Amino acid sequence: MSAPQAKLERLMAYSLYDASIPVFLHMLRNLDAILDKAEAHAKANGVDLQTYVDARLAPDMHPLTNQIQLASDAAKSGAARLAGVTPPSFPDTETTWPELKARIAKTIDFLEGVKREQVDGREDAVVELPLPGRTLSFSGRDFLARFAVPNFLFHVTTAYALLRAQGVPLGKLDFLNGAGAIAI
């Protein structure tokens with residue numbers, strides 16, 4: 001392969017970084033925009049925001065507060081494990097709408113500091129995920145595709161569904177393009 005072909009192939013490659021950090025950032029920004037839309041809906045309709053904060057889809061599910069915290073944890077911990085760094089500790093103390101918005105902002109700030117060179121090239125690095133009673137081991141590639149992104153999207157989707165179930169007028173494009181970062 002010639003040098004220009006190799007350079008073009010490298011430029012066109014979809015890397016571990018491309019499949020992680022921009023995805024986390026995009027969806028966190030969308031989640032933030034969804035919260036803005038929910039807040040505007042609450043104000044327009046005389047709904048106490050605490051109703052949304054405490055909302056659950058089922059009695060045994062986490063409320064919106066925890067869904068935001070878990071989405072944050074999945075993004076920052078996923079990115080940190082991929083980069084081989086220690087994730088920042090965010091105690092799960094949020095109980096109000098402004099605190100949930102701040103949690104998303106702190107997570108975005110952390111992710112914006114993760115550099116491409118910290119993540120790319122770690123596709124085959126061992127990523128260990130300690131769980132109660134056992135530790136799961138993945139390659140970086142498998143951790144991202146089989147755990148980090150699905151876990152993150154589960155919590156973002158659940159937060160969306162909780163607000164939708166509360167009557168917030170959200171649609172698929174709010175989920176996909178809430179922050180207006182891509183043209184659909």
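A salt bridge here is a side-chain nitrogen of Lys or Arg within 4 Å of a carboxyl oxygen of Asp or Glu. What you have open is a predicted model, where local features need pLDDT of at least 70, side-chain atom pairs count only at pLDDT 80 or more, and totals for chains, interfaces and linings use all residues. Residues are numbered from 1 along each chain as its sequence is written, and side-chain values use heavy atoms, with hydrogens and water left out.

**Stop one: Asp 92 and Arg 103**

Select these two and you'll find a salt bridge, with the closest N and O atoms 3.0 Å apart. Asp 92 sits in the loop between H4 and H5 while Arg 103 is in helix H5, so the pair ties together parts 11 residues apart in sequence. (Helices are DSSP runs of H or I, at least four residues, numbered from the N terminus.) Arg 103 is buried, with a relative accessible area of 0%; buried means under 20%, exposed over 50%, and partly exposed in between, using a 1.4 Å probe and protein chains only. Asp 92, at 46%, counts as partly exposed.

**Stop two: H2 against H5**

Show residues 21-45 (H2) and 97-112 (H5), which pack at about 160° with their axes 10 Å apart. Those axes are lines fitted to C-alpha atoms over the stretch in contact, and angles run from 0 to 180 degrees between N-to-C directions. That makes H2 roughly antiparallel to H5, a label for angles over 145 degrees. Contact means heavy atoms within 4.5 Å, and among the residues making it are Phe 24 and Leu 28 of H2 and Trp 97 and Ile 104 of H5.

Two salt bridges are worth a click here. Glu 112 pairs with Arg 29, the closest N and O atoms being 2.4 Å apart. Glu 112 is in H5 and Arg 29 in H2, so this pair ties together parts 83 residues apart in sequence. Next, Lys 101 meets Asp 32 at 2.7 Å, N to O. Lys 101 in H5 and Asp 32 in H2 are 69 residues apart. Lys 101 counts as buried at 17% relative accessibility, whereas Asp 32, at 22%, is partly exposed.

**Stop three: H2 against H4**

Finally, bring up H4, residues 64-83, whose axis comes within 10 Å of that of H2 and crosses at roughly 160°. H2 and H4 are therefore roughly antiparallel to each other. On the H4 side, pick out contact residues including Ala 71, Ala 75 and Gly 78.

Definitions and conventions:
Helices (H or I, at least four residues) and strands (E, at least two) are DSSP runs, numbered from the N terminus. Angles under 35 degrees count as roughly parallel, over 145 as roughly antiparallel, 65 to 115 as roughly perpendicular and the rest as oblique.
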